[in-house]
Amino acid sequence: MNKTVQDLMNHQTENYILPFLWMRGEEEPVIREEIARIYECGIRGICVEARPHPDFAGPGWWHDLDIVMDEAKQRGMRVWVLDDAHFPTGYANGLIEKKYPNRKKTYINYNTVDVLGAQSEVTIHISPMLKPKTSWLDIGKPIDKEEQKHNKLISVVAGKLVTEGIINEELIDLTDRVEGDFLTCTLSEGAWRIYVVYETKTDGGNPKYINMIDEESVSTQLEAVYQPHFERYKEEFGKTFAGFFSDEPAFGNVNGFDFNETIGRKDMPLPWSEEAKALLSEALGDQWRVCLPYLWNSSDEMNHCVHTRYTYMDIVTRLYEKNFSHQLGKWCEAHHVEYIGHVIEDNDQHSRLGSGAGHFFRALSGQHMSGIDVIGGQVIFGGAGLERRGIFKGDGEFYHYTLGKLGSSYGHLDPRKKGRTMCELFGAYGWKLGVRDMKYILDHLVVRGINHLVPHAFSMREYPDFDCPPHFYARGHNPQFKHFAYLMHYANRLCHIFNGGRHVAPVAVLYHGESEWTGEYMKMQKPARILTENQIDFDFVPTDMLNDLESYNGKLDQRHLMINGEAFKCLVIPYSQFITKELAALINNSADLEVIFVDGRPEGISNLVDQEEASNLLKAVDKCKVVSLGELASELRTEGIYEIKLKKPFKDLTYYHYVKEHNIYMFQNESAHETFSGEIELANGEFAIVYNGLENKFEKLAVRKENEKAMISFELKPYESCVVFVSDNEYSGEFNDYLPFSVKLSDCENAKDLSSDWKYSLVKNKEYPNFGEVNHMDELVPISKINPAFTGIIKYEKSFDLTDVPKQGILAFESIYEAVELWINDEYVGMKVCPPYIYEVASYLRNGTNTIRVEVATTLDRDRFNQPEPPFIVWHDPIDPTGMFGKITLFMS
């Protein structure tokens, strides 16, 4: 038998889940109880996070972490540590402020003065231009005037203004004309702008944070956090102690989360270090200082300007990779633990400065898993591609069609990651998020290749904790805790299927990061959406991998781009005004690989100044196809570049193809309203079984042959997913034949309406199962109409008579909010955490009187009416009803 199938049937799966456990200095019994609750969920890993702990990496922390380590060791669990006193990573537990003020962030910034119509000598006072301009609005704001005294002049450059903010590229270096605090010069007639560029430690983000592009500064993180944990737990490193988790480390050259800190598109201080200066000088030559104004201001020619921006961003992102990501990753390797985590990806911040890390792939290069997060309403049931409006406007196309694939692509393609991609998920959605939508989010991620999970979060603070709910146990208050446990068992099974094998996809889509640094570009989510909605799978591939295929077990092999075991039939390049010389060379050397530019060919080379050389390189792209975005999918299908094909289009069916012992396919219906029902063409296969992961149940799926292709068919309602195992050999074991519920229902000749005459009672989760007063409901209505603020468990009971026991009985509930358990004749039938709420119940029915008991668990959302208003509100959500209502029908045959 297929080993993966056997593992699932025998409940022998590994652990792929490590939820956050927030540590705030709780008492020992509370810590041990919370870990016990985590263990109940089938979870065998935790990631402890100071949220914040009052004594991180001090005696109080060691006392509490000793308890965690002891409890985890007894239970065979593994412990990860979020690597700072608070998020985001880079604070180094305050050691920069306490011990190494010389290691804090360094920036370059600039000021300007306009000289208009000058033909005679002018004098500029330089010293006041070595710090930011201030106004009456800044009165009372803290300014580190002592540190400002250390600001250093880097260059003084004059550029002739063409229009407002646009300069001519014939810049004049005036740096050597500065004497003392003054520049005296003569400029020809016309409008000139003089740029004074200086180095500073005061103008940017949080001064208590490390400088991500300075090796010595980053070593402070190791000294403050990593080394003390090793000294305390060295005997458990690589055993119970699994590793460290970095949470959203960033350049941090500005404060806040505007998500728009793209080089050349926003005025801001820029990351800097001595190493960056040396590399920039080497790359740009003696005139490097003259080019600095291009980092903030565009030129008329956009030649040296594009080259300077690309060169600067290439340098600082590679320094982030080397000095931060790799320094931490290599330390962990040397100490036999792993390094994981994620950066901020929101709204394309993965390729930007500020709260971003400049380049997704470089930022995660030193990690042993790829990583992303899906928190705060990023992925929403029924909201694919829609802008989410809260504190920030959320790019729905990025979140639904790119984020998951961006993370898993790195997990697939980098040998260091071993096929693993971690996702932090569920946090900050609010108490409205229950297991129903958690199941949708989980499936959404796994069908895109995510296979390790960091649920956010288990909080030990007394309920209600206003910090980014939902909290899964909530000190016993969450009515859905046991349903969450059920979901986590499902999650581990699902992740077990998609670990240890190889992803299969026909298309590589070029990562757009470098394109954004230099000119006009198409976001990669545009082709990603088209491909997803047409069931053409893909991975995002950065130019770095294409430049160094050998390091990624890659090569160009006839008509395929091979990377770490994956074979892509096509490279799709979203429109980019500029590409690199390396990419142009690869295209030139890949005569047989299908390369498609979407919506237009590039116009220039970003890392070349010589226009003749650039023009010669660009001739390589003339042989490539240019396809409009709207025609991309049909062009790929015409060329045979696809894996599966639907008989009838259904844009919300997503799929994932994986190879272990055999071919494995996961399918998810992401529509909020429509049922998928139809045939799917696969490349090959003689036999198939379909797996319902929630119920851990396999059924035999018919395979029909058509034109030498394998045809399978099944039905998925909204919220449903399935996994299909396909082989050329018949699967051993006794499996029932798969039949869609619509067929089963059509075979039922009789229907009994059970919608009326129910008794109900309520209980808070902490008091379960001690239900309160029994009430009668003649016609089912939401409990929220009767008791708007109730949250907990609602028990419904009724009896009904049958004269015959049916061969087939299907009990269908129209509306339940939102987790449900069912008993018939006091026999447990099962749990449902999401729609469709349909049970097969024939074996539980009997002649005569039958009893039904239904227990519905609400979320804690409506309990906020009973609590003080939280300190902040991220967005406004509609409030779901509670309980069971609508039609309840027993179909029989």
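Does Asn-825 count as buried or exposed, and at what relative accessibility?

Analyst: Asn-825 counts as buried, because its relative accessibility is 13%. Buried means under 20% relative accessible area; exposed means over 50%, and partly exposed lies in between (1.4 Å probe, protein chains only).

A word on the source. The model is predicted, and local features need pLDDT of at least 70, side-chain atom pairs count only at pLDDT 80 or more, and totals for chains, interfaces and linings use all residues.

Now find the place. Asn-825 sits in the loop between strand 47 (819-824) and strand 48 (827-832). Helices (H or I, at least four residues) and strands (E, at least two) are DSSP runs, numbered from the N terminus.

Look at the side chain next. One of its polar atoms lies 3.0 Å from the backbone oxygen of Tyr-844. A polar contact is a pair of N or O atoms within 3.5 Å; within protein, one must be able to donate a hydrogen and the other to accept it, and residues adjacent in sequence count only if both atoms are side-chain atoms. Contact in the wider sense means heavy atoms within 4.5 Å. Setting aside neighbours within four places in sequence, Asn-825 touches Tyr-844, Leu-845, Arg-846, Thr-849, Asn-850 and Thr-851.

Lys-432 can be read the same way. This lysine is in the loop between strand 18 (421-425) and helix 12 (435-446). Lys-432 counts as buried because its relative accessibility is 17%. A polar atom of the Lys-432 side chain lies 3.0 Å from the backbone oxygen of Pro-878. Beyond four places in sequence, Lys-432 is in contact with Thr-859, Asp-861, Asp-877, Pro-878 and Asp-880.

A nonpolar core is a set of buried Ala, Val, Leu, Ile, Met, Phe, Trp, Tyr and Cys residues joined through side-chain atoms within 4.5 Å. In soluble globular proteins, nonpolar side chains tend to be buried together. The largest core here has 204 residues, and Ile-441, Phe-498 and Phe-725 are among those with the most contacts inside it. Helix 9 (residues 304-334) gives the most to this core, with 12 residues. Apart from this core lies another, of 31 residues, among them Met-777, Ile-794, Tyr-837 and Leu-845.

Charged side chains come next. A salt bridge is a side-chain nitrogen of Lys or Arg within 4 Å of a carboxyl oxygen of Asp or Glu. The whole structure has 67 salt bridges. In one of them, Arg-32 pairs with Glu-71, with the closest N and O atoms 2.6 Å apart. This pair links distant parts of the chain: Arg-32 is in helix 2 (residues 28-40) and Glu-71 is in helix 3 (residues 59-75), 39 residues apart. Arg-32 counts as partly exposed because its relative accessibility is 22%. Glu-71 counts as buried because its value is 8%.

Another salt bridge joins Lys-417 and Asp-414, with closest N and O atoms 2.7 Å apart. Lys-417 is buried at 0% relative accessibility, and Asp-414 is buried at 7%. Elsewhere, salt bridges that share partners join Arg-24, Glu-49, Arg-51, Arg-461, Asp-465 and Asp-467 into one network. Within it, the side chains of Glu-49 and Arg-51 meet at 3.0 Å, N to O.

On a 1 Å grid over the protein atoms alone, a cavity is a set of points where a 1.4 Å probe fits but cannot get out, and lining residues have an atom within 4 Å of a point. Grid points are joined across faces, edges and corners, and a volume is the space filled by probe spheres set on the points. The search finds 6 cavities of 30 Å³ or more.

Ile-641 is in the loop between helix 19 (632-638) and strand 32 (645-646). Ile-641 is buried, with a relative accessible area of 4%. Its contacts beyond four places in sequence include Ile-536, Pro-506 and Leu-636.

Methods:
Residues numbered from 1 in each chain as written. Heavy atoms only, no water. 1 Å grid on protein atoms, 1.4 Å probe; cavity = no way out; pocket = protein on both sides within 12 Å on 5 of 7 lines; lining within 4 Å.
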